[in-house]
Structures are given as structure tokens and as C-alpha cells.
Amino acid sequence: MYKLYHFPFSQHARRVVTLLEAAGLPYTLEHVAMDAGEHLTPAYLAINPNRQVPTLVCDGLKIHESTAIMRYLCNRHGLEDWYPSALPVRAEIDQWVDWTQSRMAQAVIDIVFNSVFAPAHMRDHAAIERGKARMSELAPMIEARLDGRDWIAGTDRPSIADVVIASNISQLQLAGWRPANGNFKAWYGRVCAIEAFAKTLPEMEAA
Ligand SMILES: N[C@@H](CCC(=O)N[C@@H](CS)C(=O)NCC(=O)O)C(=O)O
């Protein structure tokens, strides 16, 4: 049984839940009350010294970094559909996963934290603008790569790369940012139609 330290407004935690759900793996969610600072407590820091969610705990193993957790689950359970082992396909999935973490993640945090979660007096408007500028740079890359393909890595079915990118897009929606018309928007609709993905969306967004 996996234990996932989780917070519903964490896109990084939600992507792991999507995979656990989609693969039918046994798990429990351990709610970390980030809004009350629980991630900063010594008890949680002993689990993840980065003071972040998610963290996966199982069989004495503690893993942080959402994408490392997803790869671990795929490798351990042979989730070929989500993370095919054929090297050219896997390389493209890894490329988009790492690209999302290195190029997109901070922009999403900058936009959403400063538009939605930070108290008004702490909002960093320059960070919001920086994040939006980065998203304006990245969105056309997604748009172009989806030309003639349903899923970002060219697979026949959604892969972890689609879930990783889309979890960020769902987070951006909290701040009112949405993919424009075109391939990107149609792709996001396809990801949202995946039951395991839709199930993880926080209530605020579904409203
Ligand atoms: N690279 C990490 C990022 C995790 C992350 O940024 N989590 C956020 C919630 S979405 C968090 O816990 N932030 C608290 C903090 O950084 O202090 C991953 O992919 O798991």
C-alpha cells in the first residue's frame, strides 16, 4: 500500500494521484495541511526536507519529486501504457517531462501563487508577468508539437508526459490562464476526459 503525502491544490501531488488511480494501485492519501504550514513542521521535514509535497512512502522507501515518483511507479509495475519502454518513445516522454519541470513549473508557481494563494500584500506582480511571458513562449511549442498527434509524445494513448503537463495547465486555470484555441486546447480537453485525471481536480476549479 502506497502512502502519498498530498495537498489537493498541489499540481505536483495531483499528477501522482492520477497515475495511482489510472493504474489501479493501492494507496492512501496523507493530507498535508500546507495552508496551516504543516509542511514546515519537523515531523514533515523528516519525511521530505524540501518542505514540499508530494512524497511517496512505501516499503521503507521515501521518494520526493513527483516525476521521479511517477517513473518509479511505472517501472515497478510495468505500466507500459503510461511509460513505454521502447527507447525512442521513452526518450520523447522523458524530454517533455523534464522540459515541464525545468521550463514550465516555476512559471506556473509564479502565476498561480501570486494571483491566487498569496495574501494581497505579498503578491509579486512582476513574477506574474514573468510567468505569463514564459507561458507565452512555451505554449506555441506545445501547439506545434501536437500538430497531427493526439498526445504530446506521439503515443497512441496518453503517457505520463501528458499528465505532467496537463496538471500544470489545470493549476493555471485557477488563475484564469487557459490554452488558446487549437491543438493545445483540444489536447487539454482530451486529458480532462481521462477519468483518473478529472477525479484529481480540486473543487475550486470544478466549480
Ligand atoms: N519538483 C517538485 C516540486 C514540488 C512542489 O513545488 N510542491 C509544492 C506544492 S505544488 C510545494 O510543496 N511547495 C511548498 C514549498 O516549496 O515551500 C516535484 O515535482 O515534486
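**Briefing: ligand shell, fold and core**

Helix H1 (11-23) and helix H3 (66-77) each give at least two residues to the shell around the ligand. The model is predicted. The protein has nine helices and four strands. Its radius of gyration is 17 Å, close to the 17 Å from the globule rule for 207 residues, so the protein is as compact as a globular protein of that length.

**Ligand shell**

- The residues surrounding the ligand are Ser10, Gln11, His12, His39, Arg51, Gln52, Val53, Pro54, Glu65, Ser66 and Thr67.
- Seven of the shell residues are polar, two are charged and two are nonpolar.

**Overall fold**

- The order along the sequence is β-α-β-α-β-β-α-α-α-α-α-α-α.
- The C-alpha trace spans about 50 × 45 × 30 Å along its principal axes.
- Buried residues make up 35% of the 207.
- Take the contacts between residues at least 6 apart in sequence: 65% of them join residues at least 24 apart.

**Nonpolar core**

- In soluble globular proteins, nonpolar side chains tend to be buried together.
- Here the largest nonpolar core has 46 residues. Val16, Leu19, Ile160 and Ala161 have the most contacts inside it.
- At least two core residues come from each of strand S1 (2-6), H1, H3, helix H4 (87-117), helix H5 (125-145), helix H6 (160-173) and helix H7 (183-192).
- Domain 1 (2-77) and domain 2 (87-199) each contribute at least three residues to this core.
- Leaving aside residues up to four places away in sequence, Val16 touches Leu4, Pro54, Leu56, Ser66, Ile69 and Met70. Of these, Pro54 and Ser66 are also among the residues around the ligand.

Notes: Residues numbered from 1 in each chain as written. Predicted model: local features only at pLDDT ≥ 70, side-chain atom pairs only at ≥ 80, totals over all residues. Near = placed C-beta within 6 Å. Nonpolar A, V, L, I, M, F, W, Y, C, P; charged D, E, K, R; others polar. Rg over C-alpha atoms; globule rule 2.2 N^0.38 Å. Buried ≥ 20, exposed ≤ 12 C-beta atoms within 10 Å, placed from the backbone. Contact = placed C-beta atoms within 7 Å. Core = buried A, V, L, I, M, F, W, Y, C linked by C-beta atoms within 7 Å. Domains from an automatic or database assignment.
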